[in-house]
Amino acid sequence: ERWGQEVLHCPFCHGWEVRDQHIGILGTSPMSGHQALLFRQWSSNITLFLNDTVEPTEEEWEQLAARGVTVVDGAVARVLNDNDGGRLSGVKLADGHVVSLEALAVGPRFVANTGIFSSLGLTPVQHPMGVGEHLAVDEMGATEVDGVWAAGNVANLMLQVLPAAASGSMSAVAINNHLMAEELQQDLADYRASSNRPSPDSLSSVPARGESRIGAEVS
Ligand SMILES: Cc1cc2nc3c(=O)[nH]c(=O)nc-3n(C[C@H](O)[C@H](O)[C@H](O)COP(=O)(O)OP(=O)(O)OC[C@H]3O[C@@H](n4cnc5c(N)ncnc54)[C@H](O)[C@@H]3O)c2cc1C
C-alpha cells in the first residue's frame, strides 16, 4: 500500500524526499548492501535488515560499519503503518521486535509488460543483474523481429524518465530510416519499370558543367 510513498527502491528517484530520515533497507538480494550504502548518502540513519536473505561479505561488513549503517539480523515479517494507515511507521521482525522507520527501501523485481511483444514472437530475457525481465534490443532499440523496435523500460529496466524518452527518440530515428528505405525501394522499383527512366546512353557520359544528365540547362 505504501509503494512509491515511503516504500521505495531508488535513491536517485526518492532520495531527496527521504533525506535525513530513518530509512530501512529490506534485504532482498546481494545488492541490498550496496543499496544501503547509496541511501547512506541521503541519511546518517540507515538500518539494513538482513531478512534471512542477505549475507554480507567481510568487505561489506567493514563498509557498512565504516559508514555507520545499523545491521539487523532475522526475517522481517511485515511492514507496519501508523494508526490511521496514512504512513509507514516501521517493520515487525519474525521474532516480534518492532523497528520504527520513516521509509523502507526494497529491491523489487521488474517485469516489463511484454504481452504485446509476445504476440509478435518476442520472448523476454533475464536482466544480467537479476533485477527482472526485459526485451533484448540493439543500441537503436531493434528487436530480433524485423520491423519491431522497443524503447524505454521494456527494453532496459534501469532507465529513468530522461534516458527512457531519449531511447524512444533513437528508436524513432531508426524506424524512420527503415520506412524511408522501404519507400525508396518501392519507388525505385516503380521508377525502373516506368518509361520515364533515362536511357543508359544518356547516363553514360559525365554531364558538362551547367548541364543536367538529361541535357537540360541547369539554372
Ligand atoms: C516508484 C517509482 C518511482 C520512480 N521515480 C522516478 C523519478 O523520480 N525520476 C525518474 O527519472 N524515473 C523514475 N522512475 C522510473 C520511471 O518511472 C521510468 O523510467 C519511466 O516511467 C519509463 O518510461 P517508459 O515509457 O519506458 O515506461 P512506462 O512509464 O512504464 O510507460 C509504458 C506505458 O505503456 C503502457 N502499456 C503497456 N503495455 C501496453 C499495451 N499492450 N497497450 C497499450 N499500452 C500499454 C503502460 O500502461 C504504460 O503507461 C520511477 C519508477 C518507479 C517504479
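# Accessibility and salt bridges

User: Why is Arg87 called partly exposed?
Analyst: In this predicted model, Arg87 has a relative accessibility of 36%. Buried requires a value under 20% and exposed one over 50%, so a residue in between is partly exposed; Arg87 therefore counts as partly exposed.

User: What makes Glu6 count as buried?
Analyst: The relative accessibility of Glu6 is 7%. The cut-off for burial is under 20%, and Glu6 therefore counts as buried.

User: How do you know that Glu6 forms a salt bridge with Arg87?
Analyst: The closest N and O atoms of Glu6 and Arg87 are 3.6 Å apart. A salt bridge needs a side-chain nitrogen of Lys or Arg within 4 Å of a carboxyl oxygen of Asp or Glu, so the pair qualifies. Glu6 lies in the segment before strand 1, whereas Arg87 lies in the loop between strand 5 and strand 6, 81 residues apart.

User: Why is the contact between Arg109 and Glu133 called a salt bridge?
Analyst: Their N to O distance is 3.7 Å, and the limit is within 4 Å, so the pair meets the criterion. Arg109 sits in the loop between strand 8 and strand 9, and Glu133 in strand 11, 24 residues apart.

User: Are Arg109 and Glu133 buried, exposed or partly exposed, and why?
Analyst: Arg109 has a relative accessible area of 47% and Glu133 one of 24%.

Key: Residues numbered from 1 in each chain as written. Predicted model: local features only at pLDDT ≥ 70, side-chain atom pairs only at ≥ 80, totals over all residues. Heavy atoms only, no water. Helix = DSSP H or I, 4+ residues; strand = E, 2+ residues; numbered from the N terminus. Buried < 20%, exposed > 50% of the residue type's maximum accessible area, 1.4 Å probe, protein only.
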